[in-house]
Number of protein chains: 4
Amino acid sequence: MAGVNKVILIGNLGADPEVRYMPSGDAVANIRIATSETWKDKNTGERQERTEWHNVVFFGKIAEIVKQYLHKGSKIYVEGKLRTKKWQGQDGQDRYTTEIIVDINGTMQMLDSRSGGGGMGSSVPFDDAPAHQSSRGGRPQSSSPAPSSGGSSPGGSSQGAADFDDDIPF
Amino acid sequence: MAGVNKVILIGNLGADPEVRYMPSGDAVANIRIATSETWKDKNTGERQERTEWHNVVFFGKIAEIVKQYLHKGSKIYVEGKLRTKKWQGQDGQDRYTTEIIVDINGTMQMLDSRSGGGGMGSSVPFDDAPAHQSSRGGRPQSSSPAPSSGGSSPGGSSQGAADFDDDIPF
Amino acid sequence: MAGVNKVILIGNLGADPEVRYMPSGDAVANIRIATSETWKDKNTGERQERTEWHNVVFFGKIAEIVKQYLHKGSKIYVEGKLRTKKWQGQDGQDRYTTEIIVDINGTMQMLDSRSGGGGMGSSVPFDDAPAHQSSRGGRPQSSSPAPSSGGSSPGGSSQGAADFDDDIPF
Amino acid sequence: MAGVNKVILIGNLGADPEVRYMPSGDAVANIRIATSETWKDKNTGERQERTEWHNVVFFGKIAEIVKQYLHKGSKIYVEGKLRTKKWQGQDGQDRYTTEIIVDINGTMQMLDSRSGGGGMGSSVPFDDAPAHQSSRGGRPQSSSPAPSSGGSSPGGSSQGAADFDDDIPF
DNA sequence: TTTT
DNA sequence: TTTT
């Protein structure tokens with residue numbers, strides 16, 4: 001055992017997020033994001049570009065944030081893990097789809113500095129706390145009500161779970 | 001606002017961890033780890049090597065794990081963030097020291113396949129849970145029997161806070 | 001444009017590498033590696049484990065290294081990028097497979113401290129040079145003979161292309 | 001040996017880059033970038049923010065790009081490695097400074113979508129090529145002149161050395 | 001000293 | 001299907 005399974009992406013949404021809800025009430029958000037790389041052909045000297053599309057799935061609180069603040073064209077930073085799911089085609093055959101899972105251990109940051117293109121801003125009212133300040137209580141035993149307020153952080157802390165680690169249950 | 005501050009290291013401990021306790025009872029573990037890179041000199045063709053030493057500080061539960069399982073020579077994977085602290089030299093002048101902070105948002109994995117050299121193995125009894133599995137939510141819910149050998153996971157999940165996110169208070 | 005597409009994995013090979021050669025003579029190596037995560041079920045308190053399998057493809061010189069030094073069970077660190085390829089099933093339908101591409105911009109490090117299980121060691125005689133030492137000449141056009149010999153580095157530098165940037169054509 | 005030494009940052013420049021030239025003619029660019037994390041205090045419920053400042057040093061071609069396109073306030077993605085340099089204070093005592101080195105193995109991406117605030121755009125005329133397309137020729141020995149022109153990529157490929165791997169000597 |  |  002043991003292992004590291006980490007994906008880091010910066011790219012743009014190809015369409016608005018698709019959000020659905022679990023029986024538990026938890027949100028699950030799916031997006032497609034494009035990452036591009038460009039280079040110049042060795043021989044022709046012509047500029048080349050290749051775009052890769054990724055299926056990213058957000059779980060829990062971050063899914064709500066995705067739903068609320070991201071839209072077609074949004075540029076984001078995402079940190080998650082790979083998961084390949086198996087499913088059955090209509091022909092009964094096995095199919096596999098690889099997704100980037102962004103859950104409590106992942107991160108999302110909005111990179112559209114100002115204006116998200118749509119609303120009045122890309123601010124995300126979501127809060128996190130540097131771990132070693134978490135006092136001994138292991139986990140955000142928060143309670144404070146008002147969630148966002150003047151909310152601002154467009155993406156939260158720069159690392160992991162903190163991003164979901166706020167005091168407010170969405 | 002917004003920002004990503006991430007450090008990923010794989011290297012070996014130069015000495016045993018130094019552990020101290022906060023007034024709160026929380027442990028803080030300090031280690032030095034070396035990362036090396038080698039290359040061949042363009043001109044002489046001679047092999048070159050450069051070793052870089054890093055100060056890594058662990059907070060909370062992971063500090064206890066470090067204390068218990070790591071020792072001089074241990075090879076580890078570490079994920080944390082940079083923090084530069086300011087302090088006063090004896091001459092009253094400002095000094096700065098940069099450290100890699102591994103807190104609840106970071107990760108540590110032991111990479112010494114078997115046996116850490118000291119005890120009876122490098123297994124780390126520390127548990128984490130994929131976020132969206134939290135509670136009832138649709139997940140592997142696996143059941144497969146005996147994981148393998150006598151337990152093994154030297155480090156836990158591959159991502160973020162999960163590593164500290166277990167149900168068991170050490 | 002713009003984009004980051006990065007994958008970092010630490011896991012074990014499920015089987016020996018499969019190597020083939022391009023018309024150009026370049027090697028391409030395919031491996032499957034497993035990453036595992038473990039956690040303790042919130043409710044039952046039972047230890048859970050989930051293993052994820054990844055298809056990793058190496059191009060060029062690193063493919064030769066993979067062929068020569070990796071085998072079933074090898075533990076490695078890999079840094080690459082995601083690429084989803086489209087292909088046609090026998091039924092004429094489109095299928096998609098996502099792979100982690102490790103090319104000149106990626107990295108591979110062997111993590112089996114000593115002994116790879118097979119030969120007399122996991123050392124990889126491969127050389128890289130810190131970029132800013134590269135003198136102005138763009139790239140190490142070195143030529144010096146004896147590659148490995150006292151060589152040791154099981155994986156090379158910790159970053160990018162350097163890993164393939166040695167002077168010795170394998 | 002062996003090791004990984006990787007830093008990933010997303011932040012803003014606190015001031016314009018400082019560029020100097022080596023005897024070899026190579027540029028070296030220094031910047032300071034800030035990464036912030038915010039969280040809500042567990043007790044007071046007040047929003048907290050912590051800003052960390054990083055010294056980033058660019059070598060070679062990328063230093064020229066930094067000089068040309070970045071300025072105070074620019075938001076960037078940076079991938080490099082840690083290096084602590086030792087120097088002598090005026091009092092003759094040893095001092096240490098930790099920097100993030102971005103050389104041929106690192107990456108930089110501009111994240112200010114449109115307009116960098118200063119010039120007519122943040123486009124960076126710099127070209128890179130996916131490695132496995134490099135055919136056998138080891139390295140892009142290209143030559144085509146006109147650097148920018150149709151240029152576009154604000155940051156280059158998403159991985160490693162490719163970012164410096166263009167055909168145009170700046 | 002940057003950003004929000 | 002996004003971006004530049």
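Reader: How many bridges join β4(C) to strand β6 of chain C, and do they run parallel or antiparallel?
Author: There are 3 bridges between β4(C) and strand β6 (residues 94-102) of chain C, and the two run parallel, where strands are DSSP runs (E, at least two residues) numbered from the N terminus and two strands pair if DSSP finds at least two bridges between them. In that pairing, F58(C) stands opposite V102(C). This is a predicted model, in which local features need pLDDT of at least 70, side-chain atom pairs count only at pLDDT 80 or more, and totals for chains, interfaces and linings use all residues. Residues are numbered from 1 along each chain as its sequence is written, chains are lettered from A and ligands numbered from 1 in the order in which they are written, and side-chain values use heavy atoms, leaving out hydrogens and water.
Reader: And which strands form a hairpin in chain C?
Author: β3(C) and β4(C) do, with 6 residues between them, and G45(C) in the turn has a positive phi of about 80 degrees.
Reader: Switching to chain B, is E99(B) buried or exposed?
Author: E99(B) counts as buried because its relative accessibility is 5%, buried meaning under 20% relative accessible area, exposed over 50% and partly exposed in between, with a 1.4 Å probe and protein chains only. E99(B) lies in strand β6 of chain B, residues 94-102.
Reader: What does E99(B) touch?
Author: Leaving aside residues up to four places away in sequence, E99(B) touches several residues, including N30(B), N55(B) and V57(B), with contact meaning heavy atoms within 4.5 Å.

Technical notes
Helix = DSSP H or I, 4+ residues; strand = E, 2+ residues; numbered from the N terminus.
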